[in-house]
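Trainee: Could you take me through the reading of a fold, from its elements to the way two of them pack?

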Amino acid sequence: MKFHILLSSLIFLLVLVATATGIFYQTPGSPIEYTTVRGEQVEFQGSGLYRYDPAWFALEGVVWDVINLVIGLPLFGIAIYLSQKNSVRGRLLLGGLLFYFFYVYIMATTGYALNRMFIVYVAIFALSGVAFFLNLHGIDVAHLPLQVSARFPRRLFIGFTFIMGSVLVFLWLGRIIPIMVNDRFPPEIAGLTTLVSQGVDLGIVVPLLLSTGILLWRRSPWGYLLAGISLSYGLLMCITLPAFIAVPLIQDGKTNLIEASPLLVLCLAGLVLVWMFYGNILEKSDFVSTSD
(Lines give C-alpha, C1' and ligand atoms only; values in the text may rest on other atoms or scores of the structure.)
Protein backbone atom coordinates (compact mmCIF):
# COMPACT_ATOMS: atom_id res chain seq x y z
CA MET A 1 0.00 0.00 0.00
CA LYS A 2 1.35 3.44 -0.95
CA PHE A 3 2.28 5.64 1.99
CA HIS A 4 -0.15 8.46 1.11
CA ILE A 5 -2.96 5.89 0.98
CA LEU A 6 -1.95 4.58 4.41
CA LEU A 7 -1.89 8.11 5.83
CA SER A 8 -5.24 8.93 4.21
CA SER A 9 -6.77 5.79 5.71
CA LEU A 10 -5.51 6.84 9.13
CA ILE A 11 -6.94 10.34 8.60
CA PHE A 12 -10.28 8.73 7.67
CA LEU A 13 -10.37 6.93 11.03
CA LEU A 14 -9.35 10.04 12.97
CA VAL A 15 -12.01 12.19 11.29
CA LEU A 16 -14.55 9.47 12.04
CA VAL A 17 -13.61 9.63 15.74
CA ALA A 18 -13.65 13.45 15.80
CA THR A 19 -16.99 13.84 14.04
CA ALA A 20 -18.76 11.05 15.93
CA THR A 21 -17.54 12.49 19.24
CA GLY A 22 -18.69 15.98 18.31
CA ILE A 23 -22.17 14.71 17.45
CA PHE A 24 -22.81 12.02 20.05
CA TYR A 25 -20.61 12.82 23.06
CA GLN A 26 -22.79 14.17 25.88
CA THR A 27 -21.99 15.54 29.32
CA PRO A 28 -24.35 16.76 32.02
CA GLY A 29 -24.85 20.51 32.08
CA SER A 30 -26.92 23.43 30.83
CA PRO A 31 -26.23 26.68 28.96
CA ILE A 32 -24.00 29.12 30.83
CA GLU A 33 -24.56 32.88 30.76
CA TYR A 34 -21.25 34.68 30.85
CA THR A 35 -19.91 38.21 30.49
CA THR A 36 -16.70 38.34 28.46
CA VAL A 37 -13.77 40.67 29.12
CA ARG A 38 -15.18 42.85 26.33
CA GLY A 39 -18.43 43.19 28.24
CA GLU A 40 -20.42 40.90 25.89
CA GLN A 41 -23.29 38.88 27.29
CA VAL A 42 -22.81 35.41 25.81
CA GLU A 43 -24.52 32.05 26.25
CA PHE A 44 -22.01 29.21 26.26
CA GLN A 45 -23.02 25.65 25.33
CA GLY A 46 -22.48 24.16 28.78
CA SER A 47 -22.69 20.49 27.67
CA GLY A 48 -21.23 18.07 25.13
CA LEU A 49 -17.83 18.25 23.48
CA TYR A 50 -18.17 21.97 22.77
CA ARG A 51 -19.44 22.92 26.24
CA TYR A 52 -16.88 25.73 26.70
CA ASP A 53 -17.69 27.37 23.36
CA PRO A 54 -20.39 29.98 22.66
CA ALA A 55 -23.67 28.19 21.89
CA TRP A 56 -23.83 29.53 18.32
CA PHE A 57 -20.23 28.39 17.70
CA ALA A 58 -20.90 24.96 19.19
CA LEU A 59 -23.87 24.61 16.83
CA GLU A 60 -21.60 25.34 13.86
CA GLY A 61 -19.20 22.69 15.15
CA VAL A 62 -21.95 20.05 15.24
CA VAL A 63 -23.19 21.06 11.76
CA TRP A 64 -19.65 20.67 10.43
CA ASP A 65 -19.32 17.29 12.16
CA VAL A 66 -22.56 16.04 10.58
CA ILE A 67 -21.53 17.15 7.08
CA ASN A 68 -18.06 15.64 7.45
CA LEU A 69 -19.49 12.35 8.73
CA VAL A 70 -22.35 12.00 6.25
CA ILE A 71 -20.80 13.53 3.11
CA GLY A 72 -17.12 14.23 3.67
CA LEU A 73 -15.99 10.79 4.79
CA PRO A 74 -17.87 8.82 2.08
CA LEU A 75 -16.32 11.13 -0.56
CA PHE A 76 -12.93 10.71 1.10
CA GLY A 77 -13.30 6.93 1.03
CA ILE A 78 -14.13 7.06 -2.70
CA ALA A 79 -11.13 9.32 -3.32
CA ILE A 80 -8.80 6.95 -1.45
CA TYR A 81 -10.08 3.98 -3.49
CA LEU A 82 -9.77 5.79 -6.84
CA SER A 83 -6.34 7.16 -5.95
CA GLN A 84 -5.13 3.65 -5.17
CA LYS A 85 -6.21 2.74 -8.72
CA ASN A 86 -4.05 5.62 -10.06
CA SER A 87 -7.11 7.51 -11.27
CA VAL A 88 -6.49 11.17 -12.10
CA ARG A 89 -9.95 12.02 -10.79
CA GLY A 90 -9.14 10.14 -7.61
CA ARG A 91 -5.81 11.91 -7.11
CA LEU A 92 -7.31 15.37 -7.63
CA LEU A 93 -10.32 14.61 -5.44
CA LEU A 94 -8.05 13.21 -2.72
CA GLY A 95 -5.79 16.27 -2.89
CA GLY A 96 -8.73 18.63 -2.51
CA LEU A 97 -10.24 16.68 0.38
CA LEU A 98 -6.90 16.48 2.19
CA PHE A 99 -6.66 20.26 1.83
CA TYR A 100 -10.23 20.52 3.15
CA PHE A 101 -9.47 18.43 6.25
CA PHE A 102 -6.28 20.44 6.84
CA TYR A 103 -8.38 23.61 6.66
CA VAL A 104 -11.16 22.34 8.92
CA TYR A 105 -9.00 20.88 11.64
CA ILE A 106 -6.42 23.63 11.83
CA MET A 107 -9.41 25.88 12.51
CA ALA A 108 -10.76 23.38 15.06
CA THR A 109 -7.38 23.31 16.80
CA THR A 110 -7.10 27.10 17.03
CA GLY A 111 -10.79 28.05 17.19
CA TYR A 112 -12.57 25.73 19.62
CA ALA A 113 -12.06 25.90 23.35
CA LEU A 114 -9.74 23.10 24.46
CA ASN A 115 -11.66 19.80 24.46
CA ARG A 116 -10.96 16.06 24.51
CA MET A 117 -10.44 15.90 20.74
CA PHE A 118 -7.62 18.46 20.68
CA ILE A 119 -4.85 15.95 19.98
CA VAL A 120 -7.02 14.28 17.33
CA TYR A 121 -7.52 17.67 15.62
CA VAL A 122 -3.76 18.27 15.61
CA ALA A 123 -3.10 14.80 14.20
CA ILE A 124 -5.66 15.28 11.40
CA PHE A 125 -4.32 18.58 10.11
CA ALA A 126 -0.68 17.48 10.50
CA LEU A 127 -1.18 14.18 8.65
CA SER A 128 -3.39 15.87 6.02
CA GLY A 129 -0.56 18.27 5.17
CA VAL A 130 1.94 15.43 4.73
CA ALA A 131 -0.47 13.21 2.75
CA PHE A 132 -1.42 16.17 0.54
CA PHE A 133 2.13 16.61 -0.76
CA LEU A 134 2.75 12.87 -1.07
CA ASN A 135 -0.42 12.59 -3.16
CA LEU A 136 0.77 15.37 -5.49
CA HIS A 137 3.91 13.33 -6.23
CA GLY A 138 1.76 10.79 -8.10
CA ILE A 139 0.17 13.34 -10.44
CA ASP A 140 1.82 13.97 -13.82
CA VAL A 141 1.35 17.74 -13.68
CA ALA A 142 2.99 18.42 -17.05
CA HIS A 143 0.42 16.26 -18.89
CA LEU A 144 -2.57 17.32 -16.78
CA PRO A 145 -3.89 19.88 -19.34
CA LEU A 146 -4.14 17.04 -21.87
CA GLN A 147 -6.36 15.13 -19.46
CA VAL A 148 -8.86 17.96 -19.13
CA SER A 149 -11.28 18.10 -22.03
CA ALA A 150 -11.48 21.32 -24.06
CA ARG A 151 -15.18 21.38 -23.10
CA PHE A 152 -14.27 22.48 -19.58
CA PRO A 153 -15.18 26.21 -19.33
CA ARG A 154 -11.73 27.44 -18.36
CA ARG A 155 -12.55 31.14 -18.59
CA LEU A 156 -15.72 30.72 -16.57
CA PHE A 157 -13.75 29.06 -13.81
CA ILE A 158 -11.08 31.76 -13.93
CA GLY A 159 -13.81 34.36 -13.42
CA PHE A 160 -15.23 32.31 -10.55
CA THR A 161 -11.89 32.18 -8.72
CA PHE A 162 -11.37 35.94 -8.99
CA ILE A 163 -14.92 36.74 -7.93
CA MET A 164 -14.92 34.29 -5.01
CA GLY A 165 -11.51 35.52 -3.83
CA SER A 166 -12.63 39.15 -4.07
CA VAL A 167 -15.91 38.47 -2.25
CA LEU A 168 -14.07 36.79 0.62
CA VAL A 169 -11.65 39.72 0.88
CA PHE A 170 -14.41 42.36 0.94
CA LEU A 171 -16.72 40.39 3.25
CA TRP A 172 -14.05 39.53 5.79
CA LEU A 173 -12.38 42.95 5.78
CA GLY A 174 -15.86 44.40 6.22
CA ARG A 175 -16.17 42.29 9.35
CA ILE A 176 -12.59 42.58 10.67
CA ILE A 177 -12.08 46.36 10.38
CA PRO A 178 -15.16 47.41 12.45
CA ILE A 179 -14.20 44.92 15.18
CA MET A 180 -10.66 46.31 15.29
CA VAL A 181 -11.97 49.88 15.41
CA ASN A 182 -14.69 49.25 18.03
CA ASP A 183 -12.76 46.58 19.97
CA ARG A 184 -15.97 44.59 20.22
CA PHE A 185 -17.49 41.62 18.38
CA PRO A 186 -20.97 41.98 16.88
CA PRO A 187 -23.72 40.03 18.74
CA GLU A 188 -23.87 37.20 16.17
CA ILE A 189 -20.24 36.20 16.86
CA ALA A 190 -19.90 37.36 20.47
CA GLY A 191 -17.77 35.17 22.70
CA LEU A 192 -14.90 34.63 20.29
CA THR A 193 -11.38 35.65 21.20
CA THR A 194 -10.17 36.05 17.60
CA LEU A 195 -11.31 35.55 13.99
CA VAL A 196 -9.87 32.18 13.03
CA SER A 197 -12.06 31.51 9.99
CA GLN A 198 -11.46 34.94 8.49
CA GLY A 199 -7.71 34.68 9.14
CA VAL A 200 -7.41 31.24 7.52
CA ASP A 201 -9.57 32.27 4.55
CA LEU A 202 -7.56 35.42 3.89
CA GLY A 203 -4.22 33.72 4.53
CA ILE A 204 -4.76 30.42 2.68
CA VAL A 205 -7.99 30.19 0.67
CA VAL A 206 -7.87 33.58 -1.07
CA PRO A 207 -4.25 33.09 -2.24
CA LEU A 208 -5.19 29.60 -3.49
CA LEU A 209 -8.13 30.96 -5.48
CA LEU A 210 -6.22 33.88 -6.99
CA SER A 211 -3.18 31.72 -7.82
CA THR A 212 -5.45 29.17 -9.50
CA GLY A 213 -7.09 31.85 -11.64
CA ILE A 214 -3.77 33.42 -12.68
CA LEU A 215 -2.12 30.10 -13.54
CA LEU A 216 -5.17 28.91 -15.49
CA TRP A 217 -5.22 32.21 -17.39
CA ARG A 218 -1.60 31.50 -18.38
CA ARG A 219 -2.58 27.90 -19.26
CA SER A 220 -0.02 26.58 -16.79
CA PRO A 221 -0.35 22.87 -15.93
CA TRP A 222 -0.22 23.89 -12.27
CA GLY A 223 -3.37 25.90 -12.84
CA TYR A 224 -5.25 22.73 -13.75
CA LEU A 225 -3.83 20.99 -10.68
CA LEU A 226 -4.90 23.84 -8.38
CA ALA A 227 -8.29 23.92 -10.10
CA GLY A 228 -8.88 20.29 -9.16
CA ILE A 229 -7.75 20.90 -5.58
CA SER A 230 -9.75 24.09 -5.08
CA LEU A 231 -12.89 22.60 -6.63
CA SER A 232 -12.67 19.45 -4.51
CA TYR A 233 -12.17 21.57 -1.39
CA GLY A 234 -14.95 23.87 -2.57
CA LEU A 235 -17.35 20.96 -3.06
CA LEU A 236 -17.67 20.41 0.70
CA MET A 237 -17.43 24.11 1.54
CA CYS A 238 -20.28 24.83 -0.89
CA ILE A 239 -22.38 22.37 1.11
CA THR A 240 -21.19 23.55 4.53
CA LEU A 241 -21.68 27.30 4.06
CA PRO A 242 -25.38 27.06 3.13
CA ALA A 243 -25.86 24.76 6.14
CA PHE A 244 -24.23 27.36 8.40
CA ILE A 245 -26.70 29.90 7.02
CA ALA A 246 -29.78 27.65 7.08
CA VAL A 247 -29.50 26.20 10.60
CA PRO A 248 -29.61 29.52 12.54
CA LEU A 249 -32.27 30.78 10.10
CA ILE A 250 -34.47 27.77 10.94
CA GLN A 251 -33.77 28.03 14.67
CA ASP A 252 -33.97 31.79 15.25
CA GLY A 253 -35.30 33.19 11.99
CA LYS A 254 -32.16 35.33 11.68
CA THR A 255 -29.21 35.40 9.31
CA ASN A 256 -26.73 37.94 7.93
CA LEU A 257 -28.10 38.53 4.41
CA ILE A 258 -25.17 40.78 3.47
CA GLU A 259 -22.78 37.85 3.91
CA ALA A 260 -25.22 35.05 3.06
CA SER A 261 -26.52 36.21 -0.33
CA PRO A 262 -23.27 36.38 -2.36
CA LEU A 263 -21.93 33.23 -0.70
CA LEU A 264 -25.07 31.23 -1.56
CA VAL A 265 -24.93 32.31 -5.20
CA LEU A 266 -21.23 31.51 -5.46
CA CYS A 267 -21.71 28.15 -3.72
CA LEU A 268 -24.33 27.17 -6.29
CA ALA A 269 -22.00 28.19 -9.12
CA GLY A 270 -19.16 26.29 -7.44
CA LEU A 271 -21.14 23.05 -7.29
CA VAL A 272 -21.93 23.34 -11.00
CA LEU A 273 -18.26 23.91 -11.82
CA VAL A 274 -17.23 20.87 -9.75
CA TRP A 275 -19.59 18.72 -11.83
CA MET A 276 -18.30 20.22 -15.09
CA PHE A 277 -14.63 19.82 -14.15
CA TYR A 278 -14.76 16.18 -13.09
CA GLY A 279 -17.06 15.37 -15.99
CA ASN A 280 -14.33 16.59 -18.34
CA ILE A 281 -11.38 14.71 -16.83
CA LEU A 282 -9.92 12.11 -19.18
CA GLU A 283 -8.39 8.98 -17.66
CA LYS A 284 -5.70 6.91 -19.39
CA SER A 285 -8.37 4.42 -20.42
CA ASP A 286 -10.18 7.21 -22.27
CA PHE A 287 -7.08 7.86 -24.37
CA VAL A 288 -6.78 4.14 -25.16
CA SER A 289 -10.42 3.88 -26.25
CA THR A 290 -10.03 7.05 -28.36
CA SER A 291 -6.99 5.68 -30.16
CA ASP A 292 -8.80 2.43 -30.84
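Trainee: How many helices and strands does the protein chain have?

Mentor: Helices (H or I, at least four residues) and strands (E, at least two) are DSSP runs, numbered from the N terminus, and here the protein chain has 9 helices and 2 strands. Along the sequence they follow the pattern α-β-β-α-α-α-α-α-α-α-α. This is a predicted model, in which local features need pLDDT of at least 70 and side-chain atom pairs pLDDT 80 or more, while totals for chains, interfaces and linings use all residues. Residues are numbered from 1 along each chain as its sequence is written, and side-chain values use heavy atoms, without hydrogens and water.

Trainee: At what angle do H5 and H6 pack?

Mentor: Axes are lines fitted to C-alpha atoms, for helices over the stretch in contact, and angles run from 0 to 180 degrees between N-to-C directions. Helix H5 (residues 154–182) and helix H6 (residues 196–217) pack at about 155°, their axes lying 9 Å apart. H5 is therefore roughly antiparallel to H6, a term for angles over 145 degrees.

Trainee: Which residue classes make up the contact of H5 with H6?

Mentor: That contact has 17 nonpolar residues (Ala, Val, Leu, Ile, Met, Phe, Trp, Tyr, Cys and Pro), 3 charged (Asp, Glu, Lys and Arg) and 5 polar (the others, Gly among them).

Terms used: Angles under 35 degrees count as roughly parallel, over 145 as roughly antiparallel, 65 to 115 as roughly perpendicular and the rest as oblique.
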